[in-house]
Amino acid sequence: MKTSFFRLLCRIMCLSAICVSSVTWATAKNENSKKETAEAAPAKTYTITGRILDKDTNEPLAGVLLKVCGSGKSIYTDLDGNYTITEVVPGQCEVKVELISYETKVVKLTPVNNMSLNLTMSK
């Protein structure tokens with residue numbers, strides 16, 4: 001009697017393990033197919049390049065902070081006032097432009113392919 005009970009218990013445990021494995025495999029397969037679908041159609045993004053100059057002197061401004069509002073993207077201009085913002089998503093956005101001792105600017109724009117945006121800042 002004890003051996004038949006243990007055999008039955010072993011069979012139940014094996015069947016349970018098979019069922020759990022099947023459900024886990026099916027769930028993993030479904031999540032992988034979702035990832036493949038998402039990767040198959042990457043969203044189009046744009047690049048914005050430009051230069052920032054002092055309004056009065058026309059000198060390039062280094063270290064200007066540009067933030068694409070709502071995206072978490074922030075970049076700084078180089079020593080010649082040049083910048084490149086990559087992977088900007090389509091649709092209207094705002095770029096906040098800041099530098100200590102200069103007036104902060106907020107520029108509303110709709111990015112297009114290979115967009116160039118040159119700005120001046122005043123004190």
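**Stop one: a strand pair**

Select residues 93-98, strand E5, and residues 105-109, strand E6: the two pair in the antiparallel sense over 5 bridges. Pairing here requires that DSSP finds at least two bridges between two strands. Strands are DSSP runs of E with at least two residues, helices are runs of H or I with at least four, and both are numbered from the N terminus.

Before going further, note that this is a predicted model: local features need pLDDT of at least 70, side-chain atom pairs count only at pLDDT 80 or more, and totals for chains, interfaces and linings use all residues. Residues are numbered from 1 along each chain as its sequence is written, and side-chain values use heavy atoms, leaving out hydrogens and water.

Stay on the pair. Which residue in E6 stands opposite Val95? Pick Val107. Now select the turn. E5 and E6 form a hairpin, with 6 residues between them. In that turn, Ser101 has a positive phi of about 75 degrees.

How many disulfides does a search of the whole structure find? The count is 0. A disulfide is a pair of cysteine sulfur atoms within 2.5 Å. The sulfur of Cys69 has its closest cysteine sulfur in Cys93, 8.2 Å away, so the gap is too far for a bond. Cys93 is likewise in no disulfide.

Colour both by accessibility. Buried means under 20% relative accessible area, exposed over 50%, and partly exposed in between, with a 1.4 Å probe and protein chains only. Cys69 is partly exposed at 37%. Cys93 is buried at 12%.

**Stop three: a loop residue**

Select Leu79. Look in the loop between strand E3 (73-76) and strand E4 (82-88). Is Leu79 buried or exposed? Leu79 is exposed, at 74% relative accessibility. Contact means heavy atoms within 4.5 Å. Setting aside residues up to four places away in sequence, Leu79 touches Pro60 and Ala62. Next, draw a C-alpha to C-alpha distance to Gly63. Leu79 and Gly63 are 7.2 Å apart in space and 16 residues apart in sequence.

**Last stop: the whole chain**

Zoom out. The chain has 1 helix and 8 strands. From the N terminus, the order is α-β-β-β-β-β-β-β-β. Of the 123 residues, 23% are buried. Among contacts with a separation of 6 or more, 49% join residues 24 or more positions apart.
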